[in-house]
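Please open the structure in your viewer and keep the selection tool at hand. We will go from stop to stop, and at each one you will hear what to select and what is there.

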Amino acid sequence: MKHPHRSWARAAWQVTGILALAAWLTGCSAVGTLNALTAKDSHTVQAGVAYGTLPRQQLDIYRPKTTAPAAGWPVAVFFYGGSWNSGERGDYLFLGEALAARGVLTMVADYRLYPEVRYPEFLQDSALAVAYGLDHAAQWGGDPKRVFAMGHSAGGYNAAMLALDPRWLQPTGHTPNELAGWIGLAGPYDFFPTDNPQAQPVFFHPNYPPKAQPIEFAHPGAPRTFLAAPVNDRLVSPERSTQQMAQKLQAAGVPVTLKSYPRASHTTLIGAFAWPLRWVAPVVDDVEAFIQSTPPAR
């Protein structure tokens, strides 16, 4: 006999998920909907922590309420997408909570956007944010040997460049070898020339700068990698970016976890970190498994 309360709860969860998905697809207060439904008892948050001197050089830190391991929680420094034109760290409470609830100290970072800056200034910001994670992990209960650069879409590009190209972390006194790994969610890793009108001026279309694509830096010794994308993505080609990056890193001997999600879109891939949309893709489970199974940095 079915338990009536469980049946009602399951139906309510499904309806909530469908409404949240509709919000994502129509743009109707999508982020606000997901953040309003986010649990508040799994974490504490310290908002507006400066990693630099400029107004957008700030991050929000989500600390788990669970007891930290002896060496500290693993740390994820997350960069959001938005074609390097838009985004606010406060919109990603649902992601910070999802990871903190699973024992990951999470830092959601802002960075300067176009038209204030173009390539490469936002990478310089991102490098400072990751350097903050490496330098201050222990202060917040994290393990400085288990820091991950993580991003979605344009933020996945940022994470990839920091993890693969040492030019960006070097001025901060760090190297990619200090990262335990990196996580790219539907990131553009090979996309020149781009037909995205929002991204074109960011990279000086049609005069693209040299050595500005992550795919050029797949090499032996790169940090362990988690790559995920929707099977069908209308904004960033999963074949050209995610799958090709995975192939190049694997050929170089880098351990790579590759995931493809048939129900997800470019947008709902990140939305699936929120509990009402987790039926879209098990991306939270997969990212958690990758982080928790990855050994400390060399």
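Start by selecting Phe 204, which counts as partly exposed at 33% relative accessibility. Partly exposed covers the range between buried, under 20% relative accessible area, and exposed, over 50%, using a 1.4 Å probe and protein chains only. This is a predicted model, in which local features need pLDDT of at least 70 and side-chain atom pairs count only at pLDDT 80 or more, while totals for chains, interfaces and linings use all residues. Residues are numbered from 1 along each chain as its sequence is written, and side-chain values use heavy atoms, with hydrogens and water left out.

**The loop around Phe 204**

Phe 204 sits in the loop between strand 6 and strand 7. Although Phe 204 is not a glycine, its phi is positive, at about 60°. Most residues other than glycine have a negative phi, and most peptide bonds are trans.

Now select His 205 and Pro 206: the peptide bond joining them is cis, with omega about 5°. Pro 206 belongs to the loop between strand 6 (181-185) and strand 7 (224-230). Helices (H or I, at least four residues) and strands (E, at least two) are DSSP runs, numbered from the N terminus.

Next, pick Lys 211, which is found in the loop between strand 6 and strand 7. Lys 211 is not a glycine, yet its phi is positive, at about 55°. With a relative accessible area of 48%, Lys 211 is partly exposed.

For another cis peptide bond, select Tyr 114 and Pro 115, where omega is near 10°. Pro 115 is in the loop between strand 4 (105-109) and helix 4.

**Stepping back**

Show the whole protein chain, which holds 8 helices and 8 strands. How much of the chain do buried residues make up? They account for 54% of its 298 residues. Of the contacts (heavy atoms within 4.5 Å) with a separation of 6 or more, 76% are between residues 24 or more positions apart.

In soluble globular proteins, nonpolar side chains tend to be buried together. Here, the largest nonpolar core has 91 residues, and those with the most contacts inside it are Trp 182, Leu 185 and Phe 273. Helix 5 (residues 154-164) gives the most to this core, with 8 residues. Such a core is a set of buried Ala, Val, Leu, Ile, Met, Phe, Trp, Tyr and Cys residues joined through side-chain atoms within 4.5 Å.

Select Leu 185 and show what surrounds it. Beyond its neighbours within four places in sequence, Leu 185 has contacts that include Met 150, His 152, Phe 226, Leu 269, Phe 273, Val 283 and Val 287.

**A helix pair**

Select helix 4 (residues 121-136) together with helix 5; they pack at an angle of about 70°, with their axes 10 Å apart. The contact involves Phe 122, Leu 123, Ser 126, Ala 127 and Val 130 of helix 4, and Tyr 157, Asn 158, Met 161 and Leu 162 of helix 5. Axes are lines fitted to C-alpha atoms, for helices over the stretch in contact, and angles run from 0 to 180 degrees between N-to-C directions.

Select Leu 249 in helix 6 (residues 238-251). Leu 249 counts as buried because its relative accessibility is 0%. Its C-alpha atom is 5.4 Å from that of Ala 218, 31 residues apart along the chain.

The buried ones are Phe 94, Leu 95, Gly 96, Glu 97, Ala 98, Leu 99 and Ala 100.

**Last stop**

From Ala 100, find Thr 66: they are 34 residues apart in sequence and 8.8 Å apart in space, C-alpha to C-alpha. Thr 66 lies in the loop between strand 2 (58-64) and strand 3 (73-79). Thr 66 is partly exposed, with a relative accessible area of 41%.
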